Protein chains: 2
Amino acid sequence: MATRKIRNTLALALLGLLLEKPMHPYEMASTLRERSKDTSFKITTGTLYDTVEALARHGWIEPVETVREGNRPERTVYAHTELGREEFVRWLDELIREPVAEYPKFVAAVSYLGALGPERAADALEERARHLTERIDGTDTALHETTGAGMPRLFMIEAEYIAHVLRAELDWTRRTIAEIRDGSLPWPGNH
Amino acid sequence: MATRKIRNTLALALLGLLLEKPMHPYEMASTLRERSKDTSFKITTGTLYDTVEALARHGWIEPVETVREGNRPERTVYAHTELGREEFVRWLDELIREPVAEYPKFVAAVSYLGALGPERAADALEERARHLTERIDGTDTALHETTGAGMPRLFMIEAEYIAHVLRAELDWTRRTIAEIRDGSLPWPGNH
DNA sequence: CCGTGTATAGTCGCTTCCGACTAATAGGGA
DNA sequence: TCCCTATTAGTCGGAAGCGACTATACACGG
């Protein structure tokens, strides 16, 4: 019964949506996309349906009706349960309180930065810096658009966080490029 | 033959190790742990062996001998191939150059911060801030220990990056707590 | 009014990932 | 010396994740 605890944060997103109103899986995905939440949650068709099933297995959501329109495939509409509402808040609280180990690809790569040699490393970091700048701009304009359209800040607060962290990444990247170039980051090995 | 491209960064770490000298899987894992690289790479026994197999399937590494000591299980020792060396650098370069979308748990949680209500949100963020501070301290001391022991900075450069980003996270967290508390981050909904 | 592209809705099989389990040896204290 | 624990080394089954594929409906230009 009590299958393995759900870790996938997509489940959090789906649960959060169902607290608003009952929906069928496809609608959950398109609603998230509409609200640009697909930058915060990885949405893939397969995983979507698996996750919905997992949530139902755990009793956090339940099917309320299956609608058939014309000859289209049946849509199963789900709603949250009382347990689901409680667990949503508990999980949310825990995710905020306790930082968990994650393993970003960039950290992995930086661990072996030495292998690129100083010139190529600086070069690659420079390209990254350009991309980061674009990302920051994109996040900022998205932020201005939504708040400009009357949306409360809180609805896009994660974008503020992302932009802030991206700025720090850019900052480190630029500093490191400079240090490589001026020799203050010595390069051991035969390069 | 050419199975799906490897994404798991553990493969990058293993490949990097094999560039130094041939090893058997268990040795790769313990070497990484010894060098504290297990904060940058997620090492789980199961995945370790699967990943080694995947690398071999791709022809990036190959078994060079199988040693049997006493009655212990056979150890298969692997070495990198020429293709492996090339792909290692190519992959590394790409990981540095292009930021890819990742979905940290915290971003997911912050997306629904509103659901906690202002008091509980501020409270949870405060606990996070404490944890982040500890993490920063831990990273810093680890950094000082290794460089103090004569290790070149470049060997722990990823820790510098991690510490820098953690500081930005802490910064945002504190600022947001303050904004919640002084009302400059308005809270819509019935809380 | 016919074809073509796009939005709607979901299924399925394959790969990857994980962690519990097995099993032998080395080391150290009673 | 004998037992207990830690370390070394790896296997295996099941769960989760992914993306290619299926299939209908609808809008719209020619």
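The model is a predicted one, so local features are described only where pLDDT is at least 70. Chain B can be laid on chain A with an RMSD of 0.0 Å, and the contact between the chains takes 56 residues from each of them.

**How the two chains relate**

- A turn of 180° with a shift of 0.0 Å along the axis brings chain B onto chain A, at an RMSD of 0.0 Å.
- The two copies are therefore related as by a two-fold rotation axis.
- Both copies use the same surface, since 100% of the contact residues of chain B recur in chain A.

**The side of chain B that touches chain A**

- Chain A and chain B each bring 56 residues to the contact.
- On the chain B side, the elements that give two or more residues are H1, helix H4 (82-97), helix H5 (105-111), helix H6 (118-148) and helix H7 (157-181).
- H7(B) makes the largest contribution to this side, with nine residues.
- By residue type, this side of chain B holds 35 nonpolar, 14 charged and seven polar residues.

**H1 against H3 in chain A**

- Helix H1 (residues 9-20) and helix H3 (residues 45-57) of chain A pack with their axes 10 Å apart, at an angle of about 70°.
- Because angles from 65 to 115 degrees count as roughly perpendicular, H1(A) is roughly perpendicular to H3(A).
- From H1(A), the contact is made by A:Leu10, A:Ala11, A:Leu14 and A:Leu15.
- H3(A) answers with A:Thr47, A:Thr51, A:Val52, A:Ala54 and A:Leu55.
- Sorted by type, the residues of this contact are seven nonpolar and two polar, with no charged ones.

**The buried side of H2 in chain B**

- Helix H2 (residues 25-34) of chain B has B:Met28, B:Ala29 and B:Leu32 as buried residues.
- These residues lie on the same side of H2(B), because they cover an arc of only 95° around the axis.
- The cover over the buried residues of H2(B) includes helix H1 (9-20) and helix H3 (45-57) of chain B.

**Ser36 in both chains**

- After H2(B) comes B:Ser36, with a positive phi near 55°.
- B:Ser36 is not a glycine, yet has this positive phi; the residue sits in the loop between H2 and H3 of chain B.
- B:Ser36 has 14 other C-beta atoms within 10 Å, so it is partly exposed.
- In chain A, A:Ser36 also shows a positive phi of about 55° without being a glycine.
- A:Ser36 is found in the loop between helix H2 (25-34) and H3 of chain A.
- Its 14 C-beta neighbours inside 10 Å make A:Ser36 count as partly exposed.

**A:Asp171 on H7**

- Helix H7 (residues 157-181) of chain A is where A:Asp171 is placed.
- A:Asp171 counts as partly exposed because it has 15 C-beta neighbours inside 10 Å, where a buried residue would need 20 or more.
- Between A:Asp171 and A:Arg90 there are 81 residues of separation in sequence and 35 Å in space, C-alpha to C-alpha.

Terms used: Residues numbered from 1 in each chain as written. Chains lettered and ligands numbered in written order. Predicted model: local features only at pLDDT ≥ 70, side-chain atom pairs only at ≥ 80, totals over all residues. Least-squares fit on C-alpha atoms with pLDDT ≥ 70 in both. Contact = placed C-beta atoms within 7 Å. Helix = DSSP H or I, 4+ residues; strand = E, 2+ residues; numbered from the N terminus. Buried ≥ 20, exposed ≤ 12 C-beta atoms within 10 Å, placed from the backbone. Arc of directions from axis to C-beta. Nonpolar A, V, L, I, M, F, W, Y, C, P; charged D, E, K, R; others polar. Axes fitted to C-alpha atoms, helices over the stretch in contact; angles between N-to-C directions. Parallel < 35°, antiparallel > 145°, perpendicular 65-115°, else oblique.
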